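Colleague: I would like to go through this model with you, one feature at a time. Please give the terms as they come up.

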Amino acid sequence: MIKLGVPSKGRLMEKTFDWFAERGITLKRTGSEREYAGAVEGAEGVQLVLLSAGEIPRELAAGRIHLGVTGSDLVREKLADWKSQVADLAPMGFGHADLIIAVPACWSDVDSLEDLDAAAHRFRATHGFRLRIATKYHRLVREFLTREGVADWQLVDSQGATEGTIANLTAEAVADITSSGETLRANHLKILSDGLIHQSQATLFASRAADWSGQESRLADLAKQLGLPAPTL
Amino acid sequence: MADKAQSRAQAGRLLEQFLAAGAVEVTPDILQPAEALLDLYGEDIRARAYVTADPLRGEMMLRPDFTVPVVQAHMAGGAEPARYAYAGEVFRRQDHRGPARSNEYFQAGFEIFDRADPEAADAEVFALFSDILAKLNLSATIGDMGLLRAAVDGLDTLPERKSALARHIWRPRRFQHLLARYSGQIEVPKARADLLTGQRSGAPWIGLRSREEMEARIAALEADAKAPPLASDAVAALNALAELHCPAEAAPAALRALAIPALEPAITRLERRLTALAAKGIDLAALQFDASHGRSTMEYYDGFVFTFTAANPELPPVASGGRYDALTRQLGQGREIPAVGGVIRAGLMADLEAQA
């Protein structure tokens, strides 16, 4: 059996079902509305596993599921050296969101990473600590700012209501997911012009750690049905 | 691959050699307070060190290197001059897979804190390492972070520009960006141009950073906009310096040929160091000089730097080190002392000895 992990609720689940349906594979939940059980029609030897989208990267890394649908941001954030752990099979064209860096809109002097770096340097000299960036995307933000050569910042963990941290004086900037930018504007924040860290979308991944022995022809058939090149794992 | 017992034994032999060279043994704790390391390295250290929590002492890190605790111990009351040696495990988180990516390995190191003759101390550390590693046919490269710092300091421009460049010497990408900005090679972005013509956001003020802090930075940007661009020949000379590499014996002449007057004191120091190295039997024709050596990988070094590397490019340096005068200032709470030292990866050395 090839175990396919799919988000267990909401729009991400519905859009995933639609995506597979357009390719002749019917995924559906079975049992009562509250029961996380599923069935697959139109593809041989594929078992549906309904999971929280946030847990799918971990399950792929552990090899407990063979295939999984989740946001490309979550895979990059949660899996170190992600390309060595999963293969990126297909971007699915929904669940779009941008991971960006935003600062108070009142900071007229800060528009770019160059400005953020200079402001952070002065901030540290004035306040005695590094400029705080609130986020839950520690790995992605750290790698981005390190690559861009920005200094004198620190990350503070924020698992929710991140946009509120600046007004609450627990951070000076935020790095968060946005699709329309409305929450940012409502909290008087603006996105840095070169502060786009990652453009995320729902993506079909394959686990490199899963046991694929005996599943090779099934995977090849499935890839063909989905209109994808045969993956090398 | 050397196993743990062999690596530890090798580290122990190196420690004996360092003690025989006049050092006193120091034994820093494996668990180090995270605060000093975070303050020094920034957030980047979290990607490279293991962080753990102590219920009473707060956030702690598994020792990612010995230099910082050795400097802290010395600054807290070491006698001068001092020579220290140590051997033990260091711990490095690895975010990527690969053969040379150990997350736990033995280091043995030797550090000199001495005001009398920094170039002689540089040569003493290098020659000691060269002697210990002689059988392994390694190639050695030296550099000097003081050269780039001196060239930046000698630029004919605003002090703010010089300090911004000096701050980013260890981040070549941002350094090049600033250099392009200050020399007018990249256009002033529209947002900056608007700011300089007086445009301000109407958004309500939020956050800890104050309006006064913003006004102070805008004043600095206005002064910057009025300053003439960096001369293109000065930028070319700086870039030529960053790219310079040649045999060590040819380095002083090659550096003088760049015609950067501000380099002269640093070149004189380099010559004194090379003379001291030659006096200790180092072959300056076989020794490589690279003006950007260690620029993106050896962050707290601010003067002389060196590495010894094996022929296999996948392997990390067998030994590395350098001068870190500024680190003693940062950790010394108002005091400072010239300091130089280096470490040898004991397990890697044991592997290479087994192959030799």
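Modeller: Two strands pair if DSSP finds at least two bridges between them. Helices (H or I, at least four residues) and strands (E, at least two) are DSSP runs, numbered from the N terminus. This is a predicted model, in which local features need pLDDT of at least 70 and side-chain atom pairs count only at pLDDT 80 or more, while totals for chains, interfaces and linings use all residues. Residues are numbered from 1 along each chain as its sequence is written, and chains are lettered from A and ligands numbered from 1 in the order in which they are written.

Colleague: Which residue in E4(B) is the bridge partner of B:Pro33?

Modeller: E2(B) and strand E4 (residues 58–62) of chain B pair in the antiparallel sense over three bridges. In E4(B), the partner of B:Pro33 is B:Met60.

Colleague: Which strands stand at the edges of the sheet?

Modeller: The open sheet of chain B has three strands in the order E2-E4-E3, with antiparallel pairing. An edge strand has a single partner strand, so one side of it is left without a neighbour in the sheet. The strands in that position are E2 (31–33) and E3 (51–54) of chain B.

Colleague: Is H6(B) roughly parallel or antiparallel to H13(B)?

Modeller: Axes are lines fitted to C-alpha atoms, for helices over the stretch in contact, and angles run from 0 to 180 degrees between N-to-C directions. Helix H6 (residues 145–153) and helix H13 (residues 264–279) of chain B pack at about 165°, with axes 9 Å apart. Angles under 35 degrees count as roughly parallel, over 145 as roughly antiparallel, 65 to 115 as roughly perpendicular and the rest as oblique. The angle therefore makes H6(B) roughly antiparallel to H13(B).

Colleague: Which helix gives the most to the side of chain B that touches chain A?

Modeller: Two residues are in contact if their C-beta atoms, placed from the backbone, lie within 7 Å. On that basis, 32 residues of chain B are in contact with 34 residues of chain A. Helices H3, H7, H8, H9 and H10 of chain B each supply at least two residues of that side. The most, five residues, come from H10(B).

Colleague: How many Å separate the centres of domain 1 and domain 2 of chain A?

Modeller: Domain bounds come from an automatic or database domain assignment. For chain A, the assignment gives domain 1 (2–96 + 201–225) and domain 2 (97–199). Five residues of domain 1 are in contact with eight residues of domain 2. Taken over C-alpha atoms, the separation of the centres of domain 1 and domain 2 of chain A is 32 Å.
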